[in-house]
Protein chains: 2
Amino acid sequence: MERIESHASFGGTQEVWRHRSHVLGCDMRLGVYLPPQAAEGPCPVLYWLSGLTCTEQNFITKAGAQEHAARHGLILVAPDTSPRGEGVPDADGYDIGLGAGFYVDATRAPWSSHYRMHSYVANELPPLVEGHFPAGGARAISGHSMGGHGALVLALRHPGRYRSVSAFSPIVAPSRVPWGEKALGEYLGEPREAWAAWDACELVRAPRAERLPIRVDQGEADEFLATQLRPELLEAACRDSGHPLQLLRRPGYDHSYYFVASFIGEHIAFHAAALNVNAAAS
Amino acid sequence: MERIESHASFGGTQEVWRHRSHVLGCDMRLGVYLPPQAAEGPCPVLYWLSGLTCTEQNFITKAGAQEHAARHGLILVAPDTSPRGEGVPDADGYDIGLGAGFYVDATRAPWSSHYRMHSYVANELPPLVEGHFPAGGARAISGHSMGGHGALVLALRHPGRYRSVSAFSPIVAPSRVPWGEKALGEYLGEPREAWAAWDACELVRAPRAERLPIRVDQGEADEFLATQLRPELLEAACRDSGHPLQLLRRPGYDHSYYFVASFIGEHIAFHAAALNVNAAAS
């Protein structure tokens with residue numbers, strides 16, 4: 001682990017680290033916000049998964065999350081969105097390859113050599129984070145767009161790993177929208193039956209021991225709403241299966257980080273409540 | 001005026017406009033945040049001047065100012081940092097030419113053809129803003145680094161134009177630091193006596209009818225503190241001349257927007273008090 005950025009921020013520190021990922025077979029960058037409370041003892045961790053084209057920088061520079069993490073005493077961990085570097089395959093287009101890992105474990109060449117973002121977030125990051133930072137074992141997860149898909153799938157596939165899950169403008173049904181069909185087709189290929197394990201709507205419909213409540217915020221002026229996001233499919237899946245869902249439709253808001261910034265405070269308060277953290281006097 | 005971006009943000013709208021500047025002789029982009037209160041009637045305006053290398057984007061995407069502007073009912077206006085486009089001269093280096101207008105009116109060729117950022121901000125923007133947006137006549141001004149210099153000089157040169165002035169990490173004495181000596185040398189040339197009109201420390205020392213209180217926040221881990229910023233020079237000038245100054249030194253904070261974001265809420269509250277705006281219930 002090598003620290004490559006460190007900035008004081010709301011009484012804590014916004015850092016960027018570089019580390020070797022054995023799961024991905026490349027060096028990765030990781031945004032880590034340490035709130036002031038981390039100087040006193042272990043804090044719970046909120047993982048944030050970003051969307052298409054993003055790196056670890058977008059969330060840490062644009063979402064305004066640090067103010068709220070400092071108030072509630074949460075560590076924020078923001079990984080990159082794909083493996084990167086020499087030897088990592090890429091393709092034309094912003095929606096496949098670099099910046100577009102889709103938080104799956106690819107099984108199809110050439111992607112299967114490096115594209116295992118699911119295992120990276122689920123299995124490699126928690127011990128790394130809990131070993132290097134004052135992080136307790138309580139975890140929550142959230143994300144935006146492709147990263148909202150990632151957060152939902154991670155939480156649904158790993159009961160007990162996260163105490164709460166939320167998403168902004170998530171791709172809820174990748175098997176049924178163009179971005180997802182392209183990505184799952186490239187990374188997993190045929191048969192399509194294998195895609196169900198990476199589709200939040202399918203996972204919600206499966207019998208489950210745990211029904212972790214899902215919170216989703218969705219802008220109604222989002223340019224991808226009807227084609228790529230289709231929150232009504234998650235609504236139907238949750239209704240049919242009795243899975244608790246809070247879907248908040250926000251009139252006027254689009255797909256940008258201006259939307260995320262406007263409601264990140266509510267999401268962090270939601271996660272802090274689940275993580276049983278007391279807010280410091282603010 | 002052509003609107004080229006519009007995003008819902010904290011109940012208001014973050015917009016970017018393109019307009020023809022007659023003062024600068026080119027098209028310019030302008031960030032404008034309209035708080036929810038602007039739908040009800042005129043709001044006061046806080047002008048924000050950005051630093052070297054910035055465009056109108058940096059402040060609107062990174063500072064987290066919209067949350068606070070929405071709470072206090074302020075319009076935020078964030079211009080670009082230099083003229084741009086075909087025919088606008090540039091030079092090698094980030095600290096002169098494009099992105100480095102230094103908020104002066106250049107008198108030396110080739111810069112004098114377009115580089116009149118002072119007149120643009122002081123004279124062209126207010127009637128433009130007040131004619132196109134629900135903006136009342138109450139104005140405040142702030143900025144970062146080169147833009148902090150700009151804000152101080154604008155306020156000191158135009159008594160009565162702004163009700164309050166603040167700065168983050170400003171270049172307070174451009175006549176005596178490398179960035180400023182290079183810029184004033186290029187834009188104004190000899191004799192150096194002409195530089196005093198663009199130097200906050202010199203302006204503060206001149207006899208003044210108005211002594212508008214200055215608020216400055218300065219990070220103590222700022223990498224440019226000792227070489228380019230030198231707040232102790234402003235402190236001495238204000239002490240000698242009896243000019244009210246609140247200089248807040250912030251241990252651990254650097255020159256980045258992480259510093260600006262951490263304290264922009266305090267600055268906006270400071271300006272809102274001067275502009276006599278009541279905070280909405282937050």
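Predicted model: local features only at pLDDT ≥ 70, side-chain atom pairs only at ≥ 80, totals over all residues.
Reader: Where is S145(A) found?

Author: In the loop between β6 (135–143) and α4 (146–157) of chain A. Helices (H or I, at least four residues) and strands (E, at least two) are DSSP runs, numbered from the N terminus.

Reader: Does S145(A) count as buried or exposed?

Author: S145(A) counts as buried, at 4% relative accessibility. The cut-offs: buried is under 20% relative accessible area, exposed is over 50%, and partly exposed is in between (1.4 Å probe, protein chains only).

Reader: Where does UniProt place the feature "active site"?

Author: The UniProt record, an unreviewed entry, puts it at S145(A), D222(A) and H255(A). These three span 111 residues in sequence, yet no two of their C-alpha atoms are more than 10.8 Å apart, so they gather at one spot. UniProt positions are given in the numbering used here, feature names are shortened, and annotations may be inferred rather than shown by experiment.

Reader: OK, D222(A). Where does it lie?

Author: In the loop between β8 (214–219) and α7 (225–229) of chain A. D222(A) is buried, with a relative accessible area of 6%.

Reader: And what does D222(A) touch?

Author: Beyond four places in sequence, D222(A) touches S169(A), L229(A), Y253(A), D254(A) and H255(A). Its side chain also has a polar contact of 3.1 Å with the side chain of Q218(A). A polar contact is a pair of N or O atoms within 3.5 Å; within protein, one must be able to donate a hydrogen and the other to accept it, and residues adjacent in sequence count only if both atoms are side-chain atoms.

Reader: Switching to the dimer contact. How many residues does it take from chain A and from chain B?

Author: 21 residues from chain A and 21 residues from chain B. In chain A, A8(A), F10(A) and Y258(A) lose the most area to chain B, together 39% of what that side buries.

Reader: What area is buried between chain A and chain B?

Author: About 1600 Å², of which carbon and sulfur atoms give 52%. Buried area is the accessible area (1.4 Å probe) that two parts lose on being put together, summed over both.

Reader: Which elements give two or more residues to the chain A side?

Author: β1 (2–9), α1 (57–62), α2 (66–72) and α9 (257–274) of chain A. The residues of that side divide into seven nonpolar, eleven polar and three charged. Ala, Val, Leu, Ile, Met, Phe, Trp, Tyr, Cys and Pro count as nonpolar, Asp, Glu, Lys and Arg as charged, and the others, Gly among them, as polar.

Reader: What about S262(B), what is it in contact with?

Author: Leaving aside neighbours within four places, S262(B) is in contact with A8(A), S9(A), F10(A) and Y253(B). S262(B) sits in helix α9 (residues 257–274) of chain B. At 12% relative accessibility, S262(B) counts as buried.

Reader: Which backbone atoms does the S262(B) side chain reach?

Author: The backbone nitrogen of F10(A) at 2.8 Å, and the backbone oxygen of Y258(B) at 2.8 Å.

Reader: Last one. Where is Y120(A) found?

Author: In helix α3 (residues 117–132) of chain A. Y120(A) is buried, with a relative accessible area of 0%. The side chains of Y120(A) and H19(A) make a polar contact (2.8 Å). Y120(A) also touches M28(A), among others. M28(A) is in strand β3 (residues 26–34) of chain A and is buried, with a relative accessible area of 1%.

Notes. Residues numbered from 1 in each chain as written. Chains lettered and ligands numbered in written order. Heavy atoms only, no water. Contact = heavy atoms within 4.5 Å.
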